[in-house]
Amino acid sequence: PVIAYAQGLPKLAQKKTYKVGFAQTESNNPWRLAQTKSMQDEAKRLGHQLVYTDAAGSAAKQVSDVDSMIAQRVDAIFLAPREEKPLAAAVKKARAAGIPVILLDRNVDQKLAKAGTDYVTFIGSDFIEEGRRVGEWLVKKTNGQAKIIQLEGTTGSSPANDRRTGFENAIKGQAGMKILASQTGDFARDKGRQVMQTLLQAHPDVNVVYAHNDEMAIGAIAALEAAGKKPGKDVMVLSIDGGREAVQLVADGKINYIVECNPKFGPKAFETLAAYAAGKKIPAKIINPDREFTAENAKQLLSSAY
Ligand code: AHR
């Protein structure tokens with residue numbers, strides 16, 4: 001669906017430069033830092049004033065960060081909602097205050113807030129598709145035989161919900177694909193390591209780890225090595241994101257497969273803002289294309305500026 005400007009959403013005057021908020025979820029991993037840098041670089045290039053907040057891993061803080069942006073009367077808000085439900089109310093509050101919101105990378109609960117009514121659009125990856133691609137690759141590689149530990153992302157976040165759904169749908173109906181355990185590692189490296197260490201003791205027969213992001217995959221690799229297992233060989237490691245460190249681990253044979261989730265939102269975010277101010281039609285979702293990284297392409301990609 002395509003939404004038209006002024007379908008009840010707050011107007012955005014056409015100006016050369018804006019004072020625009022960017023409400024980030026946390027800054028504890030390279031993906032988040034790359035996303036923030038991309039937003040700051042593009043705002044600077046275009047001469048916009050970026051009001052940046054870091055919710056430090058707290059949905060409650062992110063809600064109050066949006067409140068403070070409303071109080072500062074920013075022209076528009078870019079929001080990366082940490083969790084689907086708590087941030088839906090913040091989106092509605094901004095809309096009621098006459099400030100258009102564009103969601104970046106993560107979504108809000110679609111039963112609570114909608115594109116075209118409560119916020120302008122969602123820009124990001126298709127997380128269900130990412131999970132589905134990992135699941136389908138695994139079924140093919142293992143001939144449908146795998147004992148899997150799933151390290152989930154932040155509970156209640158759209159990437160954790162959707163990457164699990166996509167993956168589980170892809171392996172459903174394959175009698176030999178067993179999820180031994182599925183637990184959150186909160187998208188964090190050390191949490192991923194700790195959870196993997198515990199789950200490994202309970203399930204020593206695991207032969208696949210599916211981590212919802214690179215950070216947890218890297219943490220899981222540390223846990224596997226500490227337990228004397230060879231990641232990538234004794235236990236296959238699958239991930240999502242495709243940051244440089246993880247792609248190097250693909251080249252080294254420790255990660256078997258990654259579906260990309262690109263953090264460079266700056267150009268698309270500000271281009272969409274300008275199109276909205278100009279009264280152009282904006283799609284309800286703007287989906288980033290995601291590549292994949294395997295032993296076949298990792299080395300070559302690392303030698304280029306991917
Ligand atoms: O919302 C995207 C996810 O959030 C990325 O996969 C992850 O690394 C980040 O924390």
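1. A helix here is a DSSP run of H or I that is at least four residues long, and helices are numbered from the N terminus. In that scheme M69 belongs to helix 2, which spans residues 59-71. The model is a predicted one, and the remarks that follow should be read with that in mind. M69 is buried, because 27 other C-beta atoms lie within 10 Å, where 20 or more are needed for that label. When its neighbours within four places in sequence are left aside, M69 is in contact with G21, A23, V51, V74 and I77. For A23, which is 46 residues away from M69 along the chain, the separation between the C-alpha atoms is 8.8 Å.

2. As for the whole fold, the protein contains 10 helices and 14 strands, and 49% of its 306 residues count as buried. Its radius of gyration is 20 Å, which agrees with the value near 19 Å that a compact globule of 306 residues would have. Taken along the principal axes, the box filled by the C-alpha atoms is roughly 60 × 40 × 35 Å. Among contacts with a separation of 6 or more, 74% come from residues 24 or more positions apart.

3. The UniProt record, an unreviewed entry, annotates residues 20-281 as "domain: Periplasmic binding protein". In the model this span is 45% helix and 20% strand, and its end C-alpha atoms lie 21 Å apart.

4. Which residues are found around the ligand? They are N29, W31, R32, D105, R106, P159, F187, N213, E215, I240, D241 and C261. Helix 1 (30-46) and strand 10 (236-241) are the elements that give two or more residues to this shell. Sorted by class, the shell has five nonpolar, two polar and five charged residues.

5. F187, one of the residues around the ligand, deserves a separate remark on its backbone. F187 lies in the loop between strand 8 (177-184) and helix 6 (189-202), and its phi is near 60°, a positive value in a residue other than glycine. Most residues other than glycine have a negative phi. F187 also counts as buried, because 28 C-beta neighbours fall inside 10 Å.

6. With 17 C-beta neighbours inside 10 Å, A181 counts as partly exposed. Setting aside its neighbours within four places in sequence, its contacts are I149, L199, A202 and H203. R132 is 49 residues from A181 along the chain, and the C-alpha atoms of the two are separated by 18 Å.

7. The buried residues of helix 8 are A246, V247, L249 and V250. Seen down the helix axis, the buried residues fall within an arc of 150°, so they line one face of helix 8. Their packing partners are helix 7 (214-226), strand 10, strand 11, strand 14 (292-293) and helix 10 (298-302). Just after helix 8, G253 takes a positive phi of about 85°.

8. A last point concerns N256, which lies in the loop between helix 8 (244-251) and strand 11 (257-260). N256 counts as buried, because it has 23 C-beta neighbours inside 10 Å. Apart from neighbours within four places in sequence, N256 is in contact with G232, M236, V237 and L238. N256 and K233 are 23 residues apart in sequence, and their C-alpha atoms are 8.7 Å apart in space.

How values were computed: Residues numbered from 1 in each chain as written. Predicted model: local features only at pLDDT ≥ 70, side-chain atom pairs only at ≥ 80, totals over all residues. Buried ≥ 20, exposed ≤ 12 C-beta atoms within 10 Å, placed from the backbone. Contact = placed C-beta atoms within 7 Å. Rg over C-alpha atoms; globule rule 2.2 N^0.38 Å. Near = placed C-beta within 6 Å. Nonpolar A, V, L, I, M, F, W, Y, C, P; charged D, E, K, R; others polar. Arc of directions from axis to C-beta. UniProt positions renumbered as here; feature names shortened; annotations may be inferred.
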